[in-house]
Amino acid sequence: MKKKLLNMVAISLMLVLAAGTVFGAGTKEAEKETTVNMFQLKVEIKDAIDEYAATYSAATPGVTVKVETLGGGADYGGALKAKAQAGQMPDIFVIEGRGGYDIWKDYIADLSDQSWVADTDLAFKVDGKVYGFPVAIEGYGLAYNADILAKAGIDPAKLTTRAAYEQAFKTLEAKKAELGIDAPVAMAASVAGGMWWVAAQHNLACYWGGGLDFNDTSIIDMALQGKLDDERFLQYAKYLQLLFKYADQKILLNGSYDDQVGAFAQGKTAFLHQGNWVDPNLKQLGVTFPIGYAPHAFLDTEQTGLYLFAPSWYCVNEKSPNAEAAKAFLTAMATTAEGHDYMVNKAGMIPAFKSVKLQPAGQLSQALMAANAKGGNYGVFFGMLPDGAGQNVFGPIFDLFAQNQNNLNQFIADMKKAVANLPNM
Amino acid sequence: MQDLTGERTPMKKNSTVNIVFLAPCVLTFIMIIIIPFFFGLYYSVTDWNGVSDDVAFVGLKNFRGLASSPDFIYSFLITIAYTLINIVFINIVSFILSLIVTSKIRRRNFYRSGFFVPYLIGGIVLGYIWQFILNNILVKIGTTYSIAFLETSFLSMPNTVIWTMAVVNTWQYAGYIMLIFVAAIQSIPSSLMEAANVDGANYFHRVIHILIPMMANAFTISIFLTLTTSFKQFDMNMTLTNGGPATRFMDAPVKASQLLAMNIFNTATANRMAEAQAKAVVLFIALLIVSLIQVSVNKKKEVEM
């Protein structure tokens with residue numbers, strides 16, 4: 001009996017000890033576990049990136065990536081500031097251009113030594129150093145409904161000068177009833193509809209970068225010093241006037257994003273002034289007609305390129321102890337097959353990395369990818385403008401021009417004045 | 001037991017209880033109102049961008065810039081105009097409504113709650129609903145039946161857009177002010193009205209000479225409420241018009257319906273925090289002065305029972 005009791009005591013002691021080591025080891029490993037917090041703003045890729053982060057965390061021992069997504073249209077900058085003030089600065093966050101860089105530069109880590117840098121043209125650089133990982137390529141031209149153009153006898157490949165556009169718009173306008181369209185173009189410019197960015201950001205970017213070399217910033221550099229190129233701007237203003245005149249006026253002056261994209265999707269307009277981000281919307285609206293991109297050819301001379309840019313970049317928080325794990329996560333996204341699959345197939349984005357061979361599903365994205373492979377595209381530089389210049393300064397000017405489309409000189413004078421004030425912003 | 005029945009101890013106990021019950025509220029109030037308020041005053045004289053730790057003192061530079069910025073002056077002026085329109089619209093409409101629902105008409109309780117319901121809809125939702133009505137439904141009616149003045153949306157007319165906003169705001173807010181008026185009307189002794197009736201005063205005279213003077217304190221409250229809420233209007237402004245359309249002011253294109261609060265918001269989201277803060281301080285001072293004047297003027301007109 002006594003022996004039995006002793007035995008039992010000994011066994012239970014051993015069990016306790018064993019359990020102790022097992023649990024002890026457990027706690028030790030948990031201490032090593034790093035959690036990389038990511039805070040991003042593209043609500044349309046939320047599910048895809050959550051899934052990719054979970055897969056990555058499962059495949060990478062000791063690292064868990066948590067992604068927080070801020071809902072569409074919410075104030076990302078404000079939310080990030082609140083996090084920084086609360087001492088919860090994420091390890092990976094998003095900037096949208098020079099303005100964001102200037103604010104967060106104390107936090108942004110130098111990524112020049114990362115392996116993906118050589119694989120992209122669109123990394124965010126300041127003074128030759130790489131600070132941002134390009135989230136995707138986005139881009140735009142003037143999207144067209146190929147069926148309508150074919151019916152009207154217009155060859156989209158010939159839309160490479162302003163004169164050609166004027167001719168095409170006139171033809172469409174004359175055949176409106178026959179083609180069943182409301183207007184040739186779905187264009188939006190209204191402050192009221194929240195669509196100032198289509199005109200005052202994306203269309204104006206044609207003036208900043210159109211017809212120039214991809215990295216040629218001479219025109220916007222000049223503007224940042226307060227000057228417009230009069231000759232070039234006049235040509236641009238005439239092109240904008242053309243778009244306004246042949247646009248569906250209700251959408252132009254008051255329409256929302258849904259109104260604009262919806263009109264094109266229902267075949268009520270032949271052209272749509274939007275980028276490849278409308279692909280999912282068009283799919284949702286059941287679009288079956290073939291779509292392509294024509295260039296925004298505003299010059300008297302020929303222009304054939306589309307406008308390509310990285311709308312935002314991931315930055316790594318230099319002050320975080322998890323900076324290395326965060327960098328590894330981004331590198332994996334850019335260099336592994338799973339990362340490529342996530343970017344192209346799951347998130348439906350066009351990756352900014354040349355080594356990616358997968359094809360996106362949307363028609364406009366495919367058109368952009370083809371243009372990117374062909375080359376001869378133009379850079380988009382509105383991100384270099386001071387914060388608020390687009391929304392608070394150019395937005396009302398374009399809105400007013402849309403209301404008074406014949407007043408070209410007033411528009412040019414307003415823009416001249418606004419640009420002259422850019423250095424003070 | 002003695003503690004509870006003794007004369008001094010309950011006083012003591014009460015004061016500790018008071019402190020314990022008040023402390024959470026007072027603390028929160030200090031933390032989220034008082035301290036940020038003084039921080040705000042401080043940041044308005046700096047060049048703070050919302051993130052950076054090195055904050056430089058720039059004196060009144062932010063305030064001087066406002067005096068020459070067309071968009072701010074315009075926002076300030078239309079905010080005043082909008083407030084005046086709103087005070088008149090809301091008070092007249094809700095006074096009429098309150099007369100209706102305190103009269104002897106049938107289903108007056110139904111009307112009372114019916115008029116109040118719009119106030120329960122949040123400003124954001126309400127803005128989107130009215131935007132749809134004004135931009136789509138009315139325009140559709142206008143184009144279908146060729147009614148000229150309905151063919152363009154009321155929201156795309158720079159000169160009248162704040163009137164449209166005031167109408168929408170009245171639709172929302174009148175029911176709430178109506179309740180205040182109803183309470184005031186019901187507290188007037190019916191003997192006064194009956195006496196006037198016996199003396200041969202008609203309904204109109206009774207309203208002008210008895211009802212309105214007797215409910216002057218309700219007007220003090222209602223005008224104060226409409227004044228301050230209109231001055232601070234933001235949510236409905238944001239969703240209904242987003243500040244648009246553009247118009248020309250002081251030879252610069254500005255947003256025709258961008259009220260002061262939205263102007264501050266747009267400045268802040270453009271990372272010009274210190275400048276936005278300076279604008280907020282101006283709004284605060286303006287609101288303080290105007291409402292103090294209003295209350296003191298109105299108080300003089302109140303009739304003591």
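A: Start with Ser291(B). Setting aside neighbours within four places in sequence, Ser291(B) is in contact with Phe224(B), Leu227(B) and Thr228(B). This is a predicted model. Ser291(B) belongs to helix α13 of chain B, residues 273–301. Leu225(B) is 66 residues from Ser291(B) in sequence, yet their C-alpha atoms are 9.4 Å apart.

Take contacts in chain B with a separation of 6 or more: 73% of them join residues 24 or more positions apart. Chain B has 13 helices and two strands. A compact globule of 305 residues would have a radius of gyration near 19 Å; chain B has 25 Å. Its C-alpha atoms fill a box of roughly 75 × 65 × 35 Å along the principal axes. Of its 305 residues, 33% count as buried.

Another helix of chain B is α7, residues 161–186. Its 26 residues should span 38 Å at 1.5 Å a residue, and the end C-alpha atoms are 37 Å apart, so the two values agree. Even so, α7(B) has a kink of about 40 degrees, centred on Tyr173(B).

Next comes the loop between α11 (235–240) and β1 (246–249) of chain B, where Pro245(B) lies. The peptide bond from Gly244(B) to Pro245(B) is cis, with omega near -10 degrees. Asn242(B) sits in the loop between α11 and β1 of chain B as well. Its phi is near 55 degrees, a positive value in a residue other than glycine. Asn242(B) is buried, because 25 other C-beta atoms lie within 10 Å.

Asp127(A) is not a glycine, but has a positive phi of about 50 degrees. Its loop runs between β4 (124–126) and β5 (129–134) of chain A. Asp127(A) is exposed, because 5 other C-beta atoms lie within 10 Å.

Where do the two chains touch? In total, 24 residues of chain A are in contact with 23 residues of chain B. On the side of chain A that touches chain B, the elements giving two or more residues are α3 (76–85), α4 (98–104), α11 (249–254) and α17 (389–403) of chain A. The largest share of that side comes from α17(A), with seven residues.

Now the strands of chain A. Strand β1(A), residues 34–40, has five of its seven residues buried, so the rest of the structure largely encloses it. Its partner is β2(A), residues 63–69, and the two pair in the parallel sense over seven bridges. Within that pair, Val36(A) stands opposite Val65(A).

An open sheet of four strands has the order β8-β9-β7-β10 in chain A, with mixed pairing. Its edges are β8(A), residues 183–186, and β10(A), residues 291–294; each has a single partner strand, so one side of each lacks a neighbour in the sheet. From one strand to the next, the twist averages 30 degrees. Strand β7(A), residues 142–145, pairs with β10(A) in the antiparallel sense over four bridges. In that pairing, Leu142(A) stands opposite Ala294(A). Helix α12(A), residues 257–265, packs on the sheet and touches β7, β8 and β9 (269–272) of chain A. The direction of α12(A) makes about 130 degrees with that of β9(A).

Chain A also holds an open sheet of three strands, in the order β6-β11-β13, again with mixed pairing. Here β6(A), residues 138–140, and β13(A), residues 378–379, stand at the edges; each has a single partner strand, so one side of each is left without a neighbour. Strand β11(A), residues 307–309, runs parallel to β13(A), and two bridges join them. Leu308(A) stands opposite Gly379(A) in β13(A).

Definitions and conventions:
Residues are numbered from 1 along each chain as its sequence is written. Chains are lettered from A and ligands numbered from 1 in the order in which they are written. This is a predicted model: local features need pLDDT of at least 70, side-chain atom pairs count only at pLDDT 80 or more; totals for chains, interfaces and linings use all residues. The radius of gyration is taken over C-alpha atoms; the globule rule is 2.2 Å times the number of residues to the power 0.38. A residue is buried if 20 or more other C-beta atoms lie within 10 Å of its own, exposed if 12 or fewer, and partly exposed in between; C-beta atoms are placed from the backbone. Two residues are in contact if their C-beta atoms, placed from the backbone, lie within 7 Å. Two strands pair if DSSP finds at least two bridges between them. Axes are lines fitted to C-alpha atoms, for helices over the stretch in contact, and angles run from 0 to 180 degrees between N-to-C directions. The expected span of a helix is 1.5 Å times one less than its number of residues. The bend at a residue is the angle between axes fitted to the seven residues ending there and the seven starting there.
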